[in-house]
Amino acid sequence: MSTEVVEPIPQDGAADAAAEVGDSKAINSRKLRPTNSTHFGDVDFDDEEMADIGDATWAEVGRACCVHSPMEWGKIFIGVCAAFFFLYFFLFSLELLGNSAKVLGGCTAGGIMGNNVNPVAALVIGELATALVQSSSTTTSIIVSLVGADAVSINTGIYMIMGANIGTSVTNTIVAMGQMADGSQLERAFAGATVHDLFNLLTVAVLFPLELISGYLRALTGAMLPSSVASGKSWSGPLKKIVSPLAGRMLKANSSVIKDISTGKVADCSAYYPVFCVDGIEDYKHCANKCVKGETCGRVGLITCDKGYGCPAFFQNGATKKDDTIAGGVCLFLSLIFLLICLMGLVNVLQRGLMGMSTRIIYKATNVPGIVAIVIGAAVTVLVQSSSITTSVLTPLVGIGVIQLEQMLPLTLGANIGTTVTGLLAALVSDSVAALQVALCHLFFNISGIIIWYPIPFMRRVPLNGARELGKWTRRSKLVPPIYIITVFFVCPLLLLGLSELFVQKKAGWTALGTILVIAIFFGICRFIWWWKRQAGRDAFIACLDKRKERNDALATLPEDMQSLKSKVAQLAEHTGLPEDEEADEEKPDEENPSEDTEDAAVEVTEE
């Protein structure tokens with residue numbers, strides 16, 4: 001008679017806990033877990049869809065957050081310190097990148113912003129100026145100041161603000177390219193960055209013609225204006241006080257150059273050169289202090305000194321514009337290197353910290369209601385005084401899978417709201433009702449865009465699906481991000497600027513040419529849409545990207561494949577007993593005894 005041993009069956013909760021915690025090192029796929037949950041580091045992590053993620057309880061979130069052994073708490077402390085270290089220098093790199101862009105593009109940005117132009121040109125100018133100086137806060141502050149000084153009209157300022165909203169999203173798109181080493185991370189990061197781009201582009205596509213036809217924003221904000229504005233004081237966020245001193249000791253851009261050129265105070269950048277410091281002493285008092293009548297004054301160019309920590313490392317007494325431009329170019333290169341290194345370090349630290357953590361728990365902790373996410377994004381942006389910084393920090397988190405694309409959208413919308421505070425503060429400093437109206441237009445432009453594209457799920461899916469599609473293209477070809485940036489932020493705006501200039505010349509020939517080009521472009525776009533939607537153009541494009549990816553992958557593994565093939569051939573020759581150079585031996589049988597041929601030839605000559 002045999003006895004059968006029956007093992008106890010664990011309760012469901014115990015099985016789940018064991019699967020979630022105890023076996024995280026041994027099990028590396030959600031298919032092997034009873035809970036069917038994905039953990040960070042799983043081999044099938046990238047295969048999980050949003051619908052596959054289960055719902056965790058707040059008790060599970062609390063245990064994952066706070067229940068650890070002393071050894072684990074020590075590792076967490078080291079990881080947090082490392083994350084803050086890389087985050088600080090990541091922000092430092094962004095600040096240095098912005099300063100470098102202002103030095104390189106300050107003269108150009110000031111030159112294109114100082115005129116009352118047609119609405120399309122104003123839109124393009126706002127976008128290009130922001131892309132050049134890498135800061136929408138700087139651009140909007142200058143636009144508000146221009147309106148306050150009557151250098152540009154309110155209408156022109158409104159259209160420039162719309163363009164600045166588009167240009168501000170170029171920074172986080174560049175940051176997304178830092179995750180090119182991993183195709184899955186790049187796909188998610190690029191989607192997280194471009195969802196901001198697409199929202200801004202779609203909002204401009206709707207509100208620009210609406211404002212052009214009805215003056216909606218100007219009428220709305222005009223009804224809210226007070227009779228006068230009291231003069232206020234400028235304010236900078238706490239992050240600026242933490243990061244700016246270090247970046248300013250390396251390079252500090254002179255924002256007054258852009259403002260002075262755009263307002264017509266000086267004709268061009270040549271008025272600032274050569275740089276001159278009184279008595280040759282390089283400090284704020286002798287180089288950049290305000291002039292007093294009867295005293296010899298210093299003069300600074302695109303690079304200036306700070307009152308608190310003096311002149312930066314790249315400041316040079318007697319420098320020419322070329323010298324400052326070279327310094328800006330060097331700092332731009334260094335900032336990109338620092339940005340890449342810090343991004344890689346930050347992503348690595350976060351990945352190690354999240355390794356083995358269930359996605360159910362992470363998404364439960366980060367899945368806040370949309371309105372709350374908008375408030376969080378706005379609050380963070382007010383503190384850092386830059387929507388570019390907010391979205392650039394969030395982009396790597398989307399790349400590693402901590403934040404879902406659906407959560408990234410409301411956070412970026414909040415960042416758009418938060419960045420309008422800079423313009424409002426600039427308007428208060430300018431003591432101008434017109435400047436305040438433009439700043440309010442910036443605020444209500446973003447609020448209107450949120451009302452149009454976010455509350456209704458069908459409308460919300462437009463930027464989300466577009467960003468996902470761009471992310472998928474990026475995974476197939478790493479040429480997509482640079483082509484996208486060049487096309488969206490430079491080629492298309494310059495094309496629009498050129499077309500608009502044809503119509504303002506008030507010459508029949510130029511107007512006719514512009515009309516023909518507009519009609520041709522319109523029909524070209526319609527034909528492209530027809531081909532893309534009705535003639536399987538999208539499938540052909542995807543197939544082309546896939547074919548290119550396969551070819552690149554084959555070329556990348558070609559040396560290893562050839563080495564493997566050679567080893568297999570050698571093993572086969574050894575197994576069959578055939579000599580490796582048998583064919584060569586058959587082709588040259590006479591080379592083994594060349595002396596016999598020589599002797600035969602000598603005998604024939606002798607007989608003759």
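Predicted model: local features only at pLDDT ≥ 70, side-chain atom pairs only at ≥ 80, totals over all residues.

Biologist: Which residue does Arg468 form a salt bridge with?

Modeller: Glu406, and the closest N and O atoms are 2.0 Å apart. Arg468 lies in helix H19 and Glu406 in helix H17 (residues 405–430), so the pair ties together parts that are 62 residues apart in sequence. Glu406 is partly exposed too, with 26% relative accessibility.

Biologist: What about Glu469, which side chain does that one meet in a salt bridge?

Modeller: Arg538, at 2.7 Å from N to O. Here helix H19, with Glu469, is linked to helix H22 (residues 537–556), with Arg538, and the two residues are 69 apart.

Biologist: Is Glu469 buried or exposed?

Modeller: Glu469 counts as buried because its relative accessibility is 18%, and buried means under 20%. Arg538 is partly exposed at 32%. There's also a network of salt bridges that links Glu469, Arg538 and Asp539.

Biologist: How many salt bridges are there by this rule?

Modeller: Six. One of them joins Arg475 and Glu187, 3.0 Å from N to O. Arg475 sits in helix H19 (residues 457–476) and Glu187 in helix H8 (residues 183–214), 288 residues apart.

Biologist: Switching topic, what does the secondary structure come to?

Modeller: 25 helices and zero strands. Of the 608 residues in the protein, 43% are buried. The accessible surface is about 32100 Å², with 63% of that belonging to carbon and sulfur atoms.

Methods. Residues numbered from 1 in each chain as written. Heavy atoms only, no water. Helix = DSSP H or I, 4+ residues; strand = E, 2+ residues; numbered from the N terminus. Buried < 20%, exposed > 50% of the residue type's maximum accessible area, 1.4 Å probe, protein only. Areas by Shrake-Rupley, 256 points an atom, 1.4 Å probe, with all protein chains shown as cover. Salt bridge = Lys/Arg side-chain N within 4 Å of Asp/Glu carboxyl O.
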